[in-house]
Amino acid sequence: MRIFHSEDHRLHFPQAELSGGEFVTPFERPSRVEYVLNRLRERKLTDILAPDAVDMAPVRALLDPGYLTFLETAWDEWKAAGMAGEIIAANVPTRGMHLDRIPEYIDGKVGYYCHASETAITRGTWAAAMSSVACAQSAQRLVAAGADSAFALCRPPGHHATADQYGGYCFINNAAVVAEMFRTSGAQRVAILDIDFHHGNGTQTLFYERADIMFTSLHGAPQETYPYYLGYADETGKDAGEGMNINYPMTAGTGYDVWGQALDDAISKITNWGAEALVVSLGVDAYKEDPISFFKLESDDFTDTGRRIGRMKLPTVFCMEGGYAIEAVGVNTVNVLEGFKDA
């Protein structure tokens, strides 16, 4: 399996995250990628390439142009306004406020375009986000050209990013861009399988009214965990997209017996629908020791997960999402990939 990775991910490294009422080193940090790379090399998965240049056309097809301009220029505007630290949202629109009027001052813009203030923007965030998208796009092109699979070692991750908001460590939705590229390259039906512990709220909102892209997500119940306001089982799509959005919210303490049943059901629905290509939002934070999650999967369960996905025999792109038990993130990620290849 060919792997795409960019060293430019290091350009995004916020020095603080607001967690539990205090500032801590972000859980989403550059060392996550190093553990994955080290494990790939240990397992002799060394076909690791730098991505081609990013193609903005499929990004622009999905995302709000004002949002993209904001991401590209936010740091310069922030510094020009005399701000000393990193960009962290302090003001957000809420019920009863104007959601159709975008502030002109950068502090207001940040709140308008952010949905979770744990996610900071730094000098290098835009460049890192572009490199992350580039990895995803290179993986898609390879698979669209005939490879059975590819792994995009994306950082920053993407599945919480919407058409016009960032948060949950995500700025541009890599998996959504890949799905859109599969559609424009000829696939009539594209499925996204999100196995990250946290619901892929951004992916859901991007495709909620579309009939050509099926979104399935296994995640912590939103009444108990981030992103809180989306991810319920009764969110099934709208208009042409009715029935194309399938959520599997699960409660604290869920183990592989229950989680695996949800996975099998998602796989069955994708297969029965007749998907022609698959995008996997590969988060491994369902692991039992993840510091910001509450499922109880073992490392061996990720191997079996990959095996079950592999049996679908679909052209597949894996996009890296979450996983914050740092010393295990490499093992669990590679276990999925090895299970997939052994199917």
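Me: What makes Tyr 67, Phe 70, Tyr 112, Tyr 113, Tyr 166 and Phe 171 one aromatic cluster?

Reply: Rings of Phe, Tyr and Trp (its six-membered ring) count as a pair if their centres lie within 6.5 Å, and Tyr 67, Phe 70, Tyr 112, Tyr 113, Tyr 166 and Phe 171 form one cluster by that rule. The count comes to twelve aromatic pairs. Bear in mind that this is a predicted model, where local features need pLDDT of at least 70, side-chain atom pairs count only at pLDDT 80 or more, and totals for chains, interfaces and linings use all residues. Residues are numbered from 1 along each chain, and side-chain values use heavy atoms, with hydrogens and water left out.

Me: Why is Thr 203 called buried?

Reply: Buried means under 20% relative accessible area, exposed over 50%, and partly exposed in between (1.4 Å probe, protein chains only). Thr 203 comes out at 0%, so it counts as buried. You'll find Thr 203 in helix H7, residues 201-207 (a helix is a DSSP run of H or I, at least four residues, numbered from the N terminus).

Me: Which residues is Thr 203 in contact with, leaving aside neighbours within four places in sequence?

Reply: Contact means heavy atoms within 4.5 Å, and for Thr 203 the list is His 159, Ala 161, Asn 173, Ile 192 and Phe 215.

Me: What makes a set of residues a nonpolar core?

Reply: Its members are buried Ala, Val, Leu, Ile, Met, Phe, Trp, Tyr and Cys, joined through side-chain atoms within 4.5 Å. The largest one here has 52 residues, and Phe 70 and Tyr 166 are among those with the most contacts inside it. Helix H5 (residues 125-144) gives the largest share, eight residues.

Technical notes. Helices (H or I, at least four residues) and strands (E, at least two) are DSSP runs, numbered from the N terminus. Rings of Phe, Tyr and Trp (its six-membered ring) pair if their centres lie within 6.5 Å; planes under 30 degrees apart count as stacked, over 60 as edge-to-face and the rest as tilted.
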